[in-house]
Amino acid sequence: MTEYAADDMAQPDAPEAPAAPSGSAPVTPADAADAARLIAFGLQPKLQPARDADYAELLRRHRDEPAFARLADAVAAGLGLIVLEVSTRAGMAVTAAEDSVFAVRMGDYARRATADSGDRFLHGLAHLAVAAMAFPRPEDLADDGYIGRITVNGVDAFVRQACRRLEEKAAAQGENTDPATDAPGLEAAWRVYARRSATGATKDARRLAGSTTGIIAKAVAFLVDSGFLQRTGDDAGGAFRTTARYQLQVRDMAGTAAMTELLELGVVPVADGTATLLPPDDADALDLVADAGLPFFENQHSA
Amino acid sequence: MPFRPLSVRPPTLCDVTSAAPAAVPPQLNGPSRPAPGPAADEGLARRLRALACTAPLHDLDARKANLAGEFGVYAMAEVALAAIDLVTLTMDFDTGADHEQIVTRLQPRVAAQAPERPHGEHERVARWVLENLINVGSVDRGFRAVYGTFGADGAYVRRDYDFKLIEEVPGPGGTVFLRTTDEAVNVLVGALDTDVTSAQIAAEVKLEVLISRGRLADAQLAAEQARYRTVQYAETLRKTLDATRRNVRAVDWLQAVPDMIAEALDHVADRYRHENAILTNIRKARDEAEDPENKRRAAELVDIVKDCIRRHTQLQSRLLEAGPLFRAEQDRQAFATPTARSGLDLYGQLLAPLLPLPLEQAGRVTDAFFARGTGLRTPASVRVGDLVDMLLTPPAEREHLGAEMPEPDLVETPDDSRFSEEQLAVAMELLALPPDAPRRLSGLLADARRQDPELPYLVALLAVHAASPSVGTAYRQGEPSLLFAVDDGTVLDDPEFGGADLIVGTALLDAAGMAADRQEAT
């Protein structure tokens with residue numbers, strides 16, 4: 001199923017497909033309507049194919065009729081959507097291409113984030129941390145059957161722990177990590193997280209929006225709306241489990257995009273400098289990676 | 001009751017700009033001019049940071065003049081120190097202190113400072129002090145001080161030092177608890193930048209000396225310091241154990257953690273012995289003291305030391321839970337079927353390398369993840385007709401029973417057992433060792449590998465479990481024999497496994513004797 005997803009992503013010539021369906025029967029307006037309907041189902045990410053007979057039927061058509069499949073993919077591409085996978089478990093899993101009207105923009109997501117680079121970073125980091133916590137090991141991200149479970153407080157504690165380790169390391173090396181007053185952009189990222197408070201009392205007993213748990217809760221609520229997470233309980237600030245769509249999105253889109261960006265910065269998390277996404281050697285990898293990222297040692301590790 | 005801030009400038013990030021450290025005037029003819037550099041500056045920077053921690057307290061007294069009303073009579077710094085005291089003492093292993101409770105318990109002291117003032121004012125003062133210690137008005141809910149250092153190249157750099165005194169942490173059920181930070185504990189105890197363990201030992205030695213000389217007033221101070229240190233130590237360990245719980249791989253269970261646990265257990269045992277000795281001494285002092293004041297002080301001391309012992313016991317039980325937790329997690333993570341594909345290690349390859357980067361670069365990576373990781377949103381479009389209807393609709397009555405529960409979406413859990421019944425039978429047969437001939441794990445693994453490439457994993461798993469055999473269960477069920485494994489220090493040399501080359505054997509149990517015992521017991 002996932003090989004299929006890879007095929008779809010590499011399909012830049014899709015828009016011309018409806019003009020020349022290579023099958024025997026010509027495309028009728030009814031077919032186009034069905035294809036568009038399938039996309040419309042895909043745009044409701046919380047809808048389960050198993051719960052809707054029409055949806056399931058259209059998915060079956062997509063699987064069995066190549067001409068129809070091409071038509072649907074073309075409609076998606078024309079709308080500015082990328083097809084990740086079409087299957088009964090994930091449904092018509094589509095996601096927004098970069099400039100599409102469906103894309104989520106940071107400015108719409110969090111008002112403060114446009115003005116404050118620290119806030120912008122924290123919101124992005126919250127999404128990355130949720131994914132890292134949901135798929136803690138490379139095997140988990142690769143395994144189609146894996147269902148990740150997270151809690152809001154758990155994600156916060158885990159990032160804080162990582163920050164604390166860096167702090168200890170910096171302290172052990174006798175490094176002064178306090179940033180220069182007039183250059184906030186040079187402050188180490190972990191410090192921005194570490195100094196933001198984890199939670200805070202508010203007058204109306206809601207979560208403090210600017211606290212780290214508030215930021216993570218916002219990310220999680222957003223992912224629930226995207227059909228990526230499902231709420232399973234209220235423990236530890238809210239407990240959630242992942243869906244097949246989330247795994248696809250993280251594996252095929254977000255993870256690779258962020259990785260590319262990181263490599264462009266000259267940070268190569270694997271020692272030999274190749275960009276293959278090998279799982280690092282268990283326990284040692286953490287230390288190695290932490291070192292590799294320090295801007296002070298960039299020269300030793302850049303490719 | 002909604003808190004109305006006293007009408008002064010809101011608690012802002014307090015700028016504690018210590019008068020810009022004017023560079024040392026050049027003493028060109030002096031023979032020993034200190035070279036400005038990181039090494040020379042480090043001690044100064046540390047002291048500047050320590051100094052900054054006290055600034056919010058001074059600031060309270062400086063700002064009380066601006067409050068609406070006559071608040072000069074209250075000693076705000078004193079109330080603040082008392083608040084930090086209270087939070088530190090109520091800070092427990094699991095949770096922290098409750099906000100309201102701290103406010104309530106602060107009031108007697110505030111009231112004592114101005115007994116003629118109304119009760120409401122006392123509460124407002126207590127609240128004002130506590131909220132200023134949290135610094136509710138700022139985004140980070142913390143403080144920032146600016147200080148200067150000389151960089152490696154001799155350039156003068158102004159740096160921001162961010163710290164908190166009381167922080168808010170999530171508690172069970174969505175509640176918010178207060179905890180004092182390390183900085184606050186250090187400011188309070190007055191021992192800046194010291195090692196936790198050694199400071200505690202020092203405090204207790206001091207206590208013993210004080211008691212032996214009969215100086216109980218000082219002894220109480222030392223005992224309280226010992227308790228703060230105990231709390232701080234427990235806090236450090238709690239954080240480490242939490243990390244273990246989250247990710248087995250991330251923690252070095254071969255060396256570091258067992259060492260840490262052993263150290264902590266030693267520490268607990270040591271302190272427990274020590275504090276019991278002190279307890280006996282003070283009890284004696286309490287009973288023999290003539291002066292009623294001394295008697296009262298000794299009684300207070302007994303309470304404090306008892307509390308220390310209680311905290312140590314709590315810490316110890318946490319330490320003992322760590323081992324079983326690790327084994328359970330290892331079973332889940334290390335003995336599952338490996339997948340054929342390799343995935344991206346989100347933590348190791350993305351998150352961990354990103355955190356040490358400067359904010360500006362790290363932001364680019366998180367932006368990329370955000371842009372591709374959030375999925376899609378269907379843009380909303382509004383019709384004027386709908387809008388008018390929506391605006392005119394009266395607000396819906398709140399449902400008495402709350403929102404409707406979404407129908408749970410059940411998924412079938414796949415049968416993920418890795419080994420078949422047949423494999424288990426073969427492995428058990430392999431492990432059915434005669435009681436007089438125990439074997440090495442390496443030999444068993446080699447035998448197992450000859451039969452089935454998957455079998456060694458099962459054998460290893462069973463052997464690891466046998467290292468901690470369920471003697472109690474075997475006893476209750478009257479088993480005739482029990483599989484056990486012992487580590488004699490030999491290292492396992494195997495292409496697939498690492499660790500100790502366990503000696504695996506069968507122990508015969510005295511079934512008849514045990515049955516008789518059980519009879520007697522019932």
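Two residues are in contact if their C-beta atoms, placed from the backbone, lie within 7 Å. By this criterion, in the predicted model examined here, Leu351(B) touches Leu128(A), Ala129(A), Ala132(A) and Ala162(A), as well as Leu346(B), with residues up to four places away in sequence left out of the count.

Leu351(B) is also one of the residues with the most contacts inside the largest nonpolar core, together with Ala129(A), Val130(A), Ala132(A) and Ala189(A). This core has 63 residues. The most is given by α7(A), with 11 residues. A second, separate core has 32 residues, including Leu86(B), Ala97(B), Val103(B) and Val129(B).

Between the two chains, 94 residues of chain A are in contact with 72 residues of chain B. Elements giving two or more residues to the chain A side include the strand β2 (91-96) and the helices α7 (117-134), α9 (152-172) and α12 (244-264). The largest share of this side, 12 residues, comes from α7(A). By residue class, the side of chain A that touches chain B comprises 57 nonpolar, 25 polar and 12 charged residues.

The average pLDDT of the chain is 72, and 77% of the residues score at least 70. Over residues 1-23 of chain A the pLDDT stays under 50, and the model has 33 contacts beyond four places in sequence for this stretch. Residues 271-303 of chain A likewise have a pLDDT below 50, with 53 contacts in the model beyond near neighbours in sequence.

How values were computed:
Residues numbered from 1 in each chain as written. Chains lettered and ligands numbered in written order. Predicted model: local features only at pLDDT ≥ 70, side-chain atom pairs only at ≥ 80, totals over all residues. Helix = DSSP H or I, 4+ residues; strand = E, 2+ residues; numbered from the N terminus. Nonpolar A, V, L, I, M, F, W, Y, C, P; charged D, E, K, R; others polar. pLDDT = per-residue confidence, 0-100. Core = buried A, V, L, I, M, F, W, Y, C linked by C-beta atoms within 7 Å. Buried ≥ 20, exposed ≤ 12 C-beta atoms within 10 Å, placed from the backbone.
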